Amino acid sequence: MINIRSLSHVYEKGRKIKFPDWQIEDMDQWLLLGASGCGKSTLLNIISGLLKPTQGEILINDTDLYTLSARSTDRFRGRHIGIIFQRPHLIRSLNVLDNLELAAVMAGVPIDHERNLLLLKDLGIGNLAKRYPDELSQGQLQRVSVARALVNKPDLLIADEPTSSLDDENAAQVIEMLTTQAKDNGAALIIATHDQRVREHIAKTYLL
Amino acid sequence: MNIFKISSKNLVRNKLTTILNIILVAFGVGILSILFLASNQIGNKLEKNAKDIDLVVGAKGSPLQLILSSIYQIDYPTGNIPAKDAYKLAHHPMVKRAVPLALGDNYNGYRIVGTDTSFSHLYGLSVLKGNFWQKDLEVTIGSTVASTSKLKIGDYFFGAHGLTGNGDIHKQHAYVVKGILKPEGNITDNLILTNIGSVYKMHEEKHKETHHAAAAEAKEINDKQITALLIQYKSPMSVILFPRMVNQSTNMQAASPAMESARLFSLIGIGIDTLQWFAVFIMAIAALSIFISLYNAMKERKYDLAIMRCLGASKSKLFFLVMFEGILVTLIGTCLGLLIGHAALEVIGVYQESSQAKLTGLTAVPQEIYLIWIGLFIGSLASLIPAMQIYKVDIAATLTKDR
Ligand SMILES: Nc1ncnc2c1ncn2[C@@H]1O[C@H](COP(=O)(O)OP(=O)(O)OP(=O)(O)O)[C@@H](O)[C@H]1O
Ligand SMILES: [Mg+2]
């Protein structure tokens, strides 16, 4: 599904970051490991279509992501990739349910109210649908951002250090949630982390 | 969930800034709409009351005062003119119609105007109830006079000397109401009409009483005086010749309502101009304030917008979102401003003393459409630069950094 070939990136005034070739199949689950500053976030941004690499190519379902127009890249990302950040960036002026609906609206797909409620229920936060982000805990917020990443039934779920701000219990729950939800929704999963707690849950690793 | 909801939720979240901006816009628009409405209504009134009157002849003095007193019934008359001279002018070959006016008394602030049937022809008056006055001391009252003073047909009342106030009441003769005029929407609604003889009678008696002079019983019209003469020409050609003839060869003064109204309006115009600039200044401040608040908010909104980009929104969609927010604020402000303007004018109208030139907020003028357009323009202008920031935001960098 995703094919990374001879990819490298150079930030302005930065050293060259080289990425080993990588082949991800449908519904694969991968850990992206590496020391801090080695380029994990950089790679994920490249895969999400947010950062154009200096060299090399990245093929998603045989189309080169960076040959698409800016608009089509945005569209592609909205419909096929679900992103979960280290910090659960939610829109603070919208409640939980509206934040989920926003994902559909921004990607230009119809809103599926029932499914959104079901997602929240599956993630154990069905009772928080009408709450605002300011009123939720870190763990709850991270669950909401997982739900939001799943709203548009993505083919690929990307999580950049989803557990680093959570305690052991919440971290385990979020990882558990990500793996099962990815499976249930038929999505491939990449988790970038240097969190030892995550390693035992996922077999395949890609080391930077 | 749509752009409108996202914008309005964000505006509600920043309540204070939003309210401040809306108030600024509303204030500017409100002042402008009051100015538009008031100048339009005053202009209309001036025009309506002076309609069909080509010239006013009265005693020498300020021509503006002559016009104001004899057409708009606002100021005091410049003095009196001999009825004999007025009679001569009235029968001049250039004159189609001449309406004599004898002012001097009032009832509860409504002027009692001594005139003849030509007055009702000039204004095209007709009675709603009863009849026009026929004999001395009979009056026909305007519709506003009837409704506010509660005078009915057959009622008697005493006039008071002077044009305002009821200090010196003419107790010797009572007027009797013979008819009520149909509402005309002009000055005649506020007048009490009678014949010239009644006005003479009031003042003659007083004369006798105080001086016991051996005034001739059968006074001829020649010795009498009237206040002014409203003149309609036979042909527009007379515009130049006739006033000059009056001003040069008689002891009277001729004033043209058209010219004096224009002069009056240019005097008021200076005040209106100043206020207009003040309102424009406020609008500019409003635009600046919206700009600053949107621009500042972009620092925080960068995250929101980066998230939306991540969720698949294109740059142009988000550009529109930010623009929409600014425009929404000015649009709400503009509508509120129009509402305030109309309400304020209505309130001013209620508290206005002079019943002759009452203002109302219940009408609209076409210029107000421009105000809405100006509002939209200011909104888009103020949000343009903040919205352009969308094209500069580096989503990856923004979202990997902490908030
Ligand atoms: N916007 C940027 N401009 C310049 N250099 C950058 C930028 N972002 C990252 N870098 C540099 O690129 C390298 C890789 O950064 P990246 O954020 O991908 O690391 P990471 O593996 O995600 O680290 P961490 O585990 O701490 O999140 C770092 O050395 C960093 O300093
Ligand atoms: Mg990182």
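Predicted model: local features only at pLDDT ≥ 70, side-chain atom pairs only at ≥ 80, totals over all residues.
Two packed helices are described by the angle between their axes and the distance between the axes. In chain A, the axes of helix H3 (residues 96-107) and helix H4 (residues 113-122) come within 10 Å and cross at roughly 125°. Angles over 145 degrees would count as roughly antiparallel and those from 65 to 115 as roughly perpendicular, so H3(A) and H4(A) end up oblique to each other. Their crossing is right-handed. The crossing of H2(B) past H10(B) is right-handed.

Helix H1 of chain A (residues 40-47) is worth a look of its own. Of its 8 residues, 7 are buried, so the helix is largely enclosed by the rest of the structure. The buried residues are A:Lys40, A:Thr42, A:Leu43, A:Leu44, A:Asn45, A:Ile46 and A:Ile47. Just after H1(A) comes A:Gly49, with a positive phi of about 80°.

Next come the charged pairs. Side chains of opposite charge can pair when their charged atoms come close. Over all chains, the structure holds 13 salt bridges. One of them joins the side chains of A:Asp98 and B:Lys9, at 3.4 Å from N to O. This pair crosses between chains, running from helix H3 of chain A, where A:Asp98 sits, to helix H1 of chain B (residues 3-13), where B:Lys9 sits. A:Asp98 has a relative accessibility of 6%, so it counts as buried.

Another salt bridge brings together the side chains of A:Asp168 and A:Arg197, at 2.7 Å from N to O. A:Asp168 belongs to helix H6 of chain A (residues 168-184) and A:Arg197 to helix H7 of chain A (residues 196-199), so this pair ties together parts that are 29 residues apart in sequence. A:Asp168 counts as exposed, at 55% relative accessibility, while A:Arg197 is partly exposed, with a relative accessible area of 26%.

In chain B, the side chains of B:Glu325 and B:Arg301 meet in a salt bridge at 2.6 Å, N to O. Here the link is between distant parts of the chain, with B:Glu325 in helix H10 and B:Arg301 in helix H9 of chain B, 24 residues apart. B:Glu325 counts as buried at 3% relative accessibility, and B:Arg301 counts as buried at 6%. Salt bridges that share partners also join A:Asp74, A:Arg77 and B:Arg309 into one network.

At 26% relative accessibility, A:Arg92 counts as partly exposed. Between A:Arg92 and A:Arg75 there are 17 residues of separation in sequence and 23 Å in space, C-alpha to C-alpha.

Last, the backbone angles. Most residues other than glycine have a negative phi, and most peptide bonds are trans. Against that background, B:Gln73 stands out as a residue other than glycine with a positive phi, near 55°. B:Gln73 is placed in the loop between helix H3 (63-70) and strand E2 (81-82) of chain B, and at 3% relative accessibility it counts as buried. B:Leu137, again a residue other than glycine, also has a positive phi, near 70°. The loop that holds B:Leu137 runs between strand E5 (127-130) and strand E6 (138-141) of chain B. With a relative accessible area of 13%, B:Leu137 is buried.

Key. Residues numbered from 1 in each chain as written. Chains lettered and ligands numbered in written order. Heavy atoms only, no water. Axes fitted to C-alpha atoms, helices over the stretch in contact; angles between N-to-C directions. Helix = DSSP H or I, 4+ residues; strand = E, 2+ residues; numbered from the N terminus. Parallel < 35°, antiparallel > 145°, perpendicular 65-115°, else oblique. Left-handed = near helix turned anticlockwise from the far one by under 90°. Buried < 20%, exposed > 50% of the residue type's maximum accessible area, 1.4 Å probe, protein only. Salt bridge = Lys/Arg side-chain N within 4 Å of Asp/Glu carboxyl O.
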